[in-house]
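Colleague: Before the details, may I ask how a model of this kind should be read?

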Amino acid sequence: MTTVHESAVSTTGDGLSVWPASATEAHQGELAVGGVPLAEIADRFGTPAYVLDEGEVRERCRTYRHAFPDADVLYAAKAFLCRGMAHWVEEEGLGLDVCSAGELELAVTTGFPPERIVLHGNAKSPQDLESALRLGVGRIVIDSPSEIARLAAAVGPGGHQKVMVRVVPAISAGGHEKIRTGTDDQKFGLSMADGYAQHAITRILDQSQLELTGLHCHLGSQITSVKPYLLAVRRMVGLMARLREQHGVVLPELDLGGGHGIAYRPGEQALDLTALARRVRGELADACAAAGLAVPRLMIEPGRAVVGPAGVALYHVLAVKRTGDHVYVAVDGGMSDNPRPALYGVRYAPRLIGRHSAAERTAVTVVGRHCEAGDVLAADVELPADVRPGDLLAVPVAGAYHLSMASGYNMVGRPPVIAVHGGHARLLVRRESLDDIRSRDVGL
């Protein structure tokens, strides 16, 4: 679990620093995860495919529970969700953060306790709210003024629903401008600076069927420094103190969201979870003491940091093309199963597996099969110079925002998810077939 604990860089001599802790390489090219050779998984289930290490997921859940023993840790389902994942998270004692009726219904029908679920969303649909109320979701995070009246009407005069308010603390943090959500110039939350958050809170307090339990904020994604979270604590506690003065209300909960950064390649920085937990708890205690407030119960929402390093993507090489000084290695997947390089410029470290190569390493660009020039999975990475069609490539840190953001581009079908644990592999999510694609097309 190196990427969760390390504060600076992830480096190990065996080159497996960003792979699941169970990754082993008995001989060069013979890489196994969870006790199962990856080449064997590719032969059995085909490619592209996602491999998910159940033991790594569970251990990362336990690491969070240990680091934040007095907090509610909610797994952010948007990173990746299936019934198996929901089951693991529930068994390890985490709650769940969902963004839609689809995520909510899947979790609850799997057996996840609805009272341990928080519903988010900047534009919740009527179906989202109906499902949340019908299933008894624990918290609904209000993100806009119009949502207050809609939710109060849906709850009804005799009903009751616990809610939080998503506040924008005006803090810029995150690995890319498209995943920074703590500033006023984006779609999420209600601003403290212009008074919208305070106005919304006043309206909620006037609705007897809505119980305001606390404040929520989310700063962004791929944050590798503790400092933005400490600043968020100070600003949120400051707002809590003003609410007590204005309304006589002491809110018992504070949700700091997630966004905890992980390393995608050896040598990259990752958020130090131990330092985060220690310093956030200390800052919260100090800020509340200075304001004369009782310390609220803390809530955090890790997603990527739980599942990202537990996943591996497998691809077969279809073609190798040399154009001028560039070598392009084309694989049987691409932006339909991982749009993140095209969206955010994320860089990965693919590895040749399934055979030993004594060839020198050379710089190549791994590209996908889709009809898009931006379909690049890994630019300027080193692979053996004899890489050829039929070879198998494995990409680590593929557990988060791959399948959850996968598309139907070029109708190639979304890959399956295979869980590995204790030397066994089993299918969690089957491959999307041509029959699946045809069955949705009902008109002629």
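Modeller: Let us begin with the secondary structure: the chain has 13 helices and 21 strands, where helices (H or I, at least four residues) and strands (E, at least two) are DSSP runs numbered from the N terminus. The model is predicted, so that local features need pLDDT of at least 70, side-chain atom pairs count only at pLDDT 80 or more, and totals for chains, interfaces and linings use all residues. Residues are numbered from 1 along each chain as its sequence is written, and side-chain values use heavy atoms, without hydrogens and water.

Colleague: What does the radius of gyration of the chain agree with?

Modeller: This radius is taken over C-alpha atoms, and the globule rule is 2.2 Å times the number of residues to the power 0.38. For 444 residues a compact globule would have a value near 22 Å; the chain has 23 Å, which agrees. Along the principal axes, its C-alpha atoms fill a box of roughly 70 × 55 × 45 Å.

Colleague: How many of the residues count as buried?

Modeller: Buried means under 20% relative accessible area (1.4 Å probe, protein chains only). Of the 444 residues, 56% count as buried.

Colleague: How do helices H3 and H4 cross?

Modeller: Axes are lines fitted to C-alpha atoms over the stretch in contact, with angles from 0 to 180 degrees between N-to-C directions. The axes of H3 (residues 54-67) and H4 (residues 83-91) come within 9 Å and cross at roughly 40°.

Colleague: Which residues of H3 and H4 meet?

Modeller: Contact means heavy atoms within 4.5 Å. Glu 54, Val 57, Arg 58 and Cys 61 in H3 meet Met 85, His 87, Trp 88, Val 89 and Glu 91 in H4.

Conventions. Buried means under 20% relative accessible area, exposed over 50%, partly exposed in between (1.4 Å probe, protein chains only).
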